[in-house]
Every structure is written in C-alpha cells, then in structure tokens.
Amino acid sequence: MQEKKGIAILGSTGSIGTQALEVLAAYPEYFDLQVLTAGKNADLLIEQALKFQPNTVVITDESQYQKVKDALWAADIHVYAGQEALCQVVESNEVHTVLTALVGYAGLKPTIHAIEAGKTIALANKETLVVAGELITQLAKEKGVNIYPVDSEHSAIFQCLVGEFHNPIEKIYLTASGGPFRGYSLEQLKSVTLEQALKHPNWSMGAKITIDSASLMNKGLEVIEAKWLFGLEPEQIDVIVHPQSIVHSLVQFEDGSLKAQMGLPDMKLPIQFALTYPSRFRTDFPRFNFMDYPQLTFEQPDRSVFKNLDLAYQAMTAKGTAACVLNAANEEAVAAFLAKRISFLEIGQLNSDVLNGTELVLNPQYEDYVHADQNARVKVAALL
Ligand code: NAD
Ligand code: MG
C-alpha cells in the first residue's frame with residue numbers, strides 16, 4: 001500500500017480549515033493528519049484534536065495554552081503555543097503537505113519555514129503571495145517545492161493548465177461574483193452596514209475575506225496571487241464579474257482557445273484537488289444541473305466604484321513592497337470596519353492613502369517586508 005500523506009493544517013478552526021478536515025475524513029486511507037493549529041478558538045481546536053487525533057496542535061493565543069494542554073493531556077497529543085511554534089511544527093519529518101488556511105500576514109513566516117523544509121504547500125492564505133510573492137516563489141524554486149492553489153479561481157486556472165504546462169498562457173480571466181454590493185453606486189455604498197457586507201451571495205467564508213469580497217479587494221489580492229502563481233504580467237490578468245459563481249476562472253492560450261473550469265461553488269473541491277493532485281478522488285458533492293442555471297452572465301467590474309481593484313493593479317505594477325503595504329493597510333482597515341470604527345468606503349480610502357503615502361523598497365529582503373507591514377499598520381492607526 002502507498003504511504004499516507006502527512007498533512008498539517010494551519011488555521012484548522014476556520015472556514016477553509018473545517019472544510020479541509022471534512023475532505024481528510026473522507027479518505028482516511030490516503031491522509032495522515034499530523035498537525036492542527038488555531039489562533040484563538042481553543043474549544044474547537046480541542047474538539048477537532050480529540051476527534052482527529054493529530055500528533056501535534058498549536059494554539060497561537062498563548063493565554064489558552066494551559067486549557068488546551070489540560071484537555072489533550074490524556075490523548076497524548078503534543079501541545080504548543082505562540083506564533084513561533086507554527087514555524088517549528090511545519091518542519092516535522094512526518095509532514096508532507098502544509099495547508100495554509102490561516103488568515104492574513106500571519107501566514108507568511110510559517111509558509112517560509114515550510115518551504116525551507118521542503119514541504120509541499122497547499123496555499124489558501126493568499127496574503128502570503130500578496131505580501132512577498134517574489135521571495136516565496138524564488139524560495140520555492142530553489143527548494144524544488146510545489147505550491148498548489150486552494151483559492152477557487154486559482155485552482156480553476158491550475159486545473160485548466162494540467163497537460164498544458166509547456167504551452168504559454170496568453171491571458172487569464174479571474175471571475176468575481178461581484179459580492180453583495182454588485183451594481184451599487186458610490187452614493188449607495190456610503191450607507192451600507194457591516195451586516196450587509198457580511199452577507200456574501202454565493203460563498204460562506206471567514207469575516208475578513210467576506211469583507212474583502214464586498215469591497216472587491218479580494219479580487220485585487222487574487223490578481224496579485226495569480227501573477228506569482230502563474231508567472232504573469234499585469235496586462236495578462238483580467239477580471240470579469242460572473243454573479244452565478246459557476247465558471248471559476250478561465251485561461252486563454254496563444255491560439256485563442258479558452259479553457260474554463262466550472263462547477264457548483266464548493267470550496268471542498270479546490271481544497272481536495274490541492275491535496276490529491278494529480279489525482280481526482282470520487283466525491284458525493286452535489287452535481288451541477290444546467291436547468292438550475294439557464295443563464296450564466298458576465299459583466300465588467302465597476303472600477304469607478306470599487307477602487308480597491310485598481311489599487312491592487314497599481315501595487316502590482318509598482319513592485320517591491322507596494323503590495324505588502326496595501327495588504328497591511330487593508331488588514332487594519334477591515335479590522336476597523338469589523339469593529340464598526342469606520343464606514344465601508346473608508347476601507348478603500350485608507351488603502352489608497354497609505355499606499356500612495358508610503359515610500360517603497362524596490363528589492364526587498366524578508367526584513368523589508370516586516371518593516372513595510374508594520375509601518376503601514378502604524379499609518380492606518382494614525383489615520384483612524
Ligand atoms: P477564517 O477566519 O474562517 O479562519 C482563519 C483561521 O486562521 C482560523 O483557524 C483562525 O483561528 C486562524 N488564525 C486567525 N488569525 C491567526 C493568527 N494571527 N495566527 C494564527 N492563526 C490565526 O478564514 P478563512 O475564510 O478560512 O480564510 C483563510 C484563508 O484562506 C484566507 O487567507 C482567505 O483569503 C483564504 N481563502 C478562503 C476562502 C474561503 O472560502 N473561506 C476561499 C479562498 C481563499
Ligand atoms: Mg477566490
């Protein structure tokens with residue numbers, strides 16, 4: 001029998017993490033769950049650990065260490081706490097693939113450690129590639145490490161490229177649902193509430209990415225993510241709004257042919273493909289029915305209203321630490337919006353002010369990204 005694939009899930013208590021556990025549970029003969037980690041949700045981490053019996057868990061909130069330790073003592077599961085522990089547990093010999101399902105900048109450092117240790121990366125944490133795409137892709141190349149996308153659009157592109165890796169891409173189209181405020185004017189966006197922004201029409205996701213989807217920053221981050229995953233120039237990446245979220249993205253080849261990957265919106269599918277590539281495992285997920293979708297529609301995103309999309313292109317073109325600055329500003333702005341400290345439109349305003357008001361480092365090292373991230377957060381705090 002084939003050896004089982006050792007898996008570490010960083011951020012197992014989140015939307016991607018819990019769905020990944022469902023995928024793993026369906027193929028116990030194929031996967032060997034080694035590591036689970038969570039930020040603050042100790043109760044769910046304990047429940048998951050008792051059910052799935054990993055070798056090791058990490059709770060990054062150190063104040064909850066004792067609680068987790070006590071709960072898992074009898075189960076003989078190693079328990080660690082703190083952000084640094086994430087970097088160590090991914091290096092374990094038993095881990096083959098690290099699924100980065102934690103949210104935000106916190107994903108960067110453990111991903112670097114995982115790549116340095118030669119682990120395959122199943123990447124959900126798009127912020128890692130937005131912040132330091134050049135460093136990450138260079139390091140992965142040096143170490144011969146594969147990064148498989150989990151983000152549905154990038155998984156779609158990747159699936160279209162299977163069997164085509166020798167054929168150059170002319171361009172790609174990333175599809176966007178348009179979020180809850182598709183079709184809104186700037187005037188209408190002035191008064192939208194947090195509760196409205198948290199209601200995504202097609203996907204149920206963590207709070208941060210749900211707000212990013214409403215502001216189209218998520219699509220901006222995905223444009224940058226695609227640049228690094230597929231080695232593209234900004235002008236080769238286009239965004240098209242597709243409200244039904246059935247066509248998950250498209251590749252256009254040099255002969256003019258377009259390939260799309262389609263299916264019902266269900267993140268378990270891209271999560272699973274990132275973990276089983278190049279194989280496809282049989283699932284009982286609901287199947288697409290044409291009669292439920294007599295029309296698939298496409299429209300241009302309204303860039304005059306959703307300014308975050310252009311900010312992402314601006315940052316991608318500016319290179320260096322620009323996208324890192326934009327990401328940090330956005331993380332802080334979204335946190336402020338979630339705390340009801342600013343309005344929805346102020347997110348984009350803060351992003352723009354911080355990106356345009358920051359001097360960039362053009363050939364950044366790791367420390368430059370750390371400083372750029374910190375400085376941008378300080379700037380947002382000062383502007384609030
Ligand atoms: P989520 O908020 O539901 O879960 C985040 C997880 O990370 C939780 O387990 C949490 O405990 C942990 N975490 C949070 N902050 C942390 C920190 N500072 N240090 C360590 N761990 C921390 O988020 P999500 O929706 O599952 O998204 C996770 C990542 O996947 C994001 O980068 C997101 O952009 C990406 N993604 C998500 C979806 C989706 O459908 N949810 C789709 C595509 C991409
Ligand atoms: Mg996506």
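**Strands, a metal site and a helix**

Trainee: Which residue in β10 is the bridge partner of Tyr173?
Mentor: This is a predicted model, with residues numbered from 1 along each chain as its sequence is written; local features need pLDDT of at least 70, side-chain atom pairs count only at pLDDT 80 or more, and totals for chains, interfaces and linings use all residues. Chains are lettered from A and ligands numbered from 1 in the order in which they are written, and side-chain values use heavy atoms, with hydrogens and water left out. Strand β8 (residues 169–176) pairs with strand β10 (residues 247–253) in the antiparallel sense, through 4 bridges. In β10, Tyr173 is bridged to Leu250.

Trainee: How many residues lie between β10 and β11 in their hairpin?
Mentor: β10 and β11 run antiparallel and are joined by 5 bridges; Ser249 has Gln261 as its partner in β11. In the turn, Gly256 has a positive phi of about 95°. The number of residues between the two strands is 4.

Trainee: Is β10 enclosed or open, and how many of its residues are buried?
Mentor: Buried means under 20% relative accessible area, exposed over 50%, and partly exposed in between (1.4 Å probe, protein chains only). β10 is largely enclosed by the rest of the structure because its buried residues number 7 of the 7.

Trainee: Which residues coordinate the magnesium ion (ligand 2)?
Mentor: Donors are N, O and S atoms within 2.8 Å of the metal (3.2 Å for Na, K and Ca); water is not among the atoms, so sites may look incomplete. In sequence the donor residues are spaced D-x1-E-x68-E. Through OD or OE atoms at 2.1 to 2.2 Å, they are Asp151, Glu153 and Glu222.

Trainee: How many residues apart are Asp151 and Glu222?
Mentor: Asp151 is buried, with a relative accessible area of 8%, and Glu222 is also buried, at 1%. Asp151 sits in the loop between β7 (147–149) and α7, while Glu222 is in helix α11. The pair links distant parts of the chain, and its spacing in residues is 71.

Trainee: Which residues does Lys219 touch, not counting those up to four places away in sequence?
Mentor: Lys219 lies in helix α11 and is buried, at 5% relative accessibility. Contact means heavy atoms within 4.5 Å. The residues touched are Glu153, Leu174, Thr175, Ala176, Val239 and Leu309.

Trainee: Which elements are among those that cover the buried residues of α13?
Mentor: Helix α13 covers residues 308–318, and its buried residues include Leu309, Ala312, Tyr313 and Met316. The helix is followed by Lys319, which has a positive phi near 60°. The cover includes α10 (207–215), α11, β9, α14 and α15 (344–356).

Conventions: Pairing = 2+ DSSP bridges.
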